[in-house]
Amino acid sequence: MLRAVVAALALAVAVPVAAQEISANLVAGEPGSTELRAGQDLAALAAGCGLSITARETGGAVENMQAVRDRRATQLGIVQGDVLEYFRTYENDDPDLRRPAQGVRVVFPLFDEEVHVIARREIGSFADLAGKRVATGLPGSGTSVTAGLILDLVQVQPVERRPLAPEAALEALRAGDIDAVIDVAGAPDARLAAADLDPAAFHLLPLDAPALTAAYAAATIPAGTYAFAPDPVAVVSVPAYLVTFDFDPRRNGYQAAACRMVADLGHLVVSRLDELRADGHPKWASADLRALPDGWEVSPCVLAGLDPAYDFTCRRPDGSEVREGPAADGGEANRLYLDRICARLGGC
């Protein structure tokens, strides 16, 4: 049954949809964030083959999930793994979470983002944030979800959890209005690198408590990544994913065109991953397209873009056209995705 559905979708999106033009948008993240840069990298990659996608600034991952499900002309979004888990865990209790949880599908795993906790020097450990003033990200951001989870996991209760965007949080930290900032970003984070923090006054807190490393992947921010952190710091990381709505190209012209766009982008990312790694954010070097999140299905539109029969023509800015060959061979659902990714990229 699934093979028949995938084959039907591949055939449907292979047919040009001349009667339906769409505005393609990818909701990414806050200004200066790793997510926004990644979205811009994907948009630039698409533009190289005549596919117009706009990367949009947003408040973060929770907003992005809801936007992909319900916002007009918004087909793609970047979301953290613990935010996906948050939606899945609480979808039965909250209709606002249920709609995105049931209507969103995965396009690709992207890369891991490190959890940064920047604190005043006199604060020696994450546990020492008890009773302190901590910036935990704006409501609707992935940082706000992660900050709440890690504080609860270690059973640390700040005296205040202040909802601030990263730049405002760093300014408040420098001014002495707060004691620490929690921020989720792919290292090196451009905003943090530009913050000009005095290493005598501020440092990165290690995140090595067993409760954290049991729930999140252990990671290290290398020595010298930031001027105020000359030594390596053990932290934890959160995977980021590109997601889309569960488009059905048989339903109407818009969904067919949107599915075609998602399929084209999927085809391009797999075909040109080396370009993203060479020209995009340094985090693309560690992208693993095989690392699917548990409990979430891959978009059938992406499977169509990886189908051996998929017809894709790269229309370059200079007007030339290059018709590309098939993506790979395959199997079934997420297994089908992994088979096709492994056939293209190897290492499985």
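Before looking anything up, I noted that a residue is called buried under 20% relative accessible area, exposed over 50%, and partly exposed in between. I also kept in mind that this is a predicted model.

**Entry on Ala73.** I looked up Ala73 and found it in the loop between α3 (61-70) and β3 (76-80). Because its relative accessibility is 22%, Ala73 counts as partly exposed. I then checked its backbone and saw that phi of Ala73 is near 55 degrees, a positive value in a residue other than glycine.

**Entry on Asp196.** Asp196 has 69% relative accessibility, so I wrote it down as exposed.

**Entry on Pro188.** I followed the chain to Pro188, in the loop between β7 (180-185) and α8 (190-193), and found that the peptide bond joining Ala187 and Pro188 is cis, with omega at about 5 degrees. I marked these backbone entries for a reason: most residues other than glycine have a negative phi, and most peptide bonds are trans.

**Entry on His267.** I finished with His267, which I located in helix α10 (residues 253-271). Its relative accessibility is 1%, and therefore His267 counts as buried. What lies 3.0 Å from a polar atom of the side chain of His267? I found that the backbone oxygen of Gly305 sits at that distance.

Note on methods:
Residues numbered from 1 in each chain as written. Predicted model: local features only at pLDDT ≥ 70, side-chain atom pairs only at ≥ 80, totals over all residues. Heavy atoms only, no water. Helix = DSSP H or I, 4+ residues; strand = E, 2+ residues; numbered from the N terminus. Buried < 20%, exposed > 50% of the residue type's maximum accessible area, 1.4 Å probe, protein only. Polar contact = N/O pair within 3.5 Å; in protein donor to acceptor, adjacent residues only side chain to side chain.
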